[in-house]
Amino acid sequence: MTLPNLLLAFATFRQKVQPEWFAHIHSHGHAAARLARSFTAACVKTASKTTLDEIEFGAYMHDIGKYLIPKEILLKPGPLNESEREIMALHPVHGVEILRALPYITPTITHTVLYHHERWDGTGYPEGLAGTAIPLAARTVAMVDVYTSLRARRTYKSLLTRSGACTILRKMAGHELDPSLVHDFLKLVEGKVTMKIAKPHDPDQIVYSSLIRQTLRVVL
Ligand SMILES: [Fe+2]
Ligand SMILES: [Fe+2]
């Protein structure tokens, strides 16, 4: 069984048995993936196609561990209490447990999923890594994760405007988020540099990439 087939089976199963989780995790993963790829392609000139695929894939998958979080916590309309936060904080580790055994899951993808809640100042989880000890792909996904969440309408909040989201990102730079990534990202978002939003599926990709691309369209 190929990876896309395997993940299609997984996604179909999840959509049937956990439709609320699916809606939450899929749309968020999709937005984060497109943005993470586009940002990296625009700002990291040395990034290869394979790296871009890995970042896109990792961004899609970053919250897959939330399938193991109880619905009352994942979709709670309002802030979580202490013990609910502890359960929610397990989702990066759950995500890696889900993905670990699959083929084509590279260290970059695993690290993106595991470390997307680490913070630049070392106060994040699960390991409390700081600064550049956090893999670049994970720092990138942490940033687009915040931005896409701020720009999304959720049950408990309305969406922020682009400039409102940028103001919050600016405040998080150097604390939660990598300041130089935020600097570049804001230039893109505020339109000072052009960013081409990545298109899904290019049939001319090498085999690895096209497998990833097919998977991206069906998973989560
Ligand atoms: Fe997350
Ligand atoms: Fe997320």
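Tutor: A residue is buried if 20 or more other C-beta atoms lie within 10 Å of its own, exposed if 12 or fewer, and partly exposed in between, with C-beta atoms placed from the backbone. This is a predicted model, in which local features need pLDDT of at least 70, side-chain atom pairs count only at pLDDT 80 or more, and totals for chains, interfaces and linings use all residues. Residues are numbered from 1 along each chain as its sequence is written, while chains are lettered from A and ligands numbered from 1 in the order in which they are written.

Student: Why is Arg151 called partly exposed?

Tutor: Arg151 has 16 other C-beta atoms within 10 Å, so it is partly exposed. This residue lies in helix α8.

Student: What makes Glu56 count as buried?

Tutor: Glu56 has 29 C-beta neighbours inside 10 Å, and therefore counts as buried. Glu56 is found in helix α3. Its C-alpha atom is separated by 8.0 Å from that of Ala32, 24 residues apart along the chain.

Student: Lys49 is also found in helix α3. Why is Lys49 called partly exposed?

Tutor: Because Lys49 has 13 other C-beta atoms within 10 Å, it is partly exposed. The C-alpha atoms of Lys49 and Arg37, twelve residues apart along the chain, are separated by 9.9 Å.

Student: How do you know which stretches are helices?

Tutor: Helices (H or I, at least four residues) and strands (E, at least two) are DSSP runs, numbered from the N terminus. By that rule the protein has eleven helices and zero strands.

Student: How does the span of α8 compare with the one expected?

Tutor: The expected span of a helix is 1.5 Å times one less than its number of residues. Helix α8 (residues 136–151) has 16 residues and reaches 23 Å from its first C-alpha to its last, close to the 22 Å expected.

Student: Which residues of α8 are buried, and what covers them?

Tutor: The buried residues of α8 include Ala137, Val141, Met143, Val144 and Tyr147. Their cover includes α2 (19–43), α3 (49–61), α7 (107–115), α9 (162–172) and α10 (179–189).

Student: How do you know what Met143 touches?

Tutor: Two residues are in contact if their C-beta atoms, placed from the backbone, lie within 7 Å. Not counting residues up to four places away in sequence, Met143 touches Leu177, Asp178, Leu181, Val182 and Phe185.

Student: What does Arg151 contact beyond its sequence neighbours?

Tutor: Leaving aside neighbours within four places in sequence, Arg151 is in contact with Leu159, Leu160 and Ala165. Of these, Leu160 lies in the loop between α8 and α9. With 17 C-beta neighbours inside 10 Å, Leu160 counts as partly exposed. Leu160 touches Leu150, Arg151 and Ala165, again not counting residues up to four places away in sequence.

Student: What makes a group of residues a nonpolar core?

Tutor: A nonpolar core is a set of buried Ala, Val, Leu, Ile, Met, Phe, Trp, Tyr and Cys residues joined through C-beta atoms within 7 Å. The largest such core has 39 residues, of which Ala36, Ala59, Val141, Met143, Val144 and Leu177 touch the most other members. The elements giving two or more residues to this core are α2, α3, α6 (91–99), α7, α8, α9 and α10. In soluble globular proteins, nonpolar side chains tend to be buried together.

Student: How do you know where the buried residues of α6 lie around its axis?

Tutor: The buried residues of α6 are His91, Pro92, Gly95, Val96 and Leu99. They cover an arc of only 145° around the axis, so they are on the same side of α6; the arc is that of the directions from the helix axis to the C-beta atoms. These buried residues pack against α3, α5 and α7.

Student: Where is confidence in the protein lowest, and where is it highest?

Tutor: pLDDT is the predictor's confidence in each residue, from 0 to 100. Confidence is lowest in helix α11 (residues 207–218), at a mean of 61, and highest in helix α5 (residues 82–88), at 97. The protein averages a pLDDT of 86, and 84% of the residues score at least 70. Over residues 200–206, pLDDT stays under 50.
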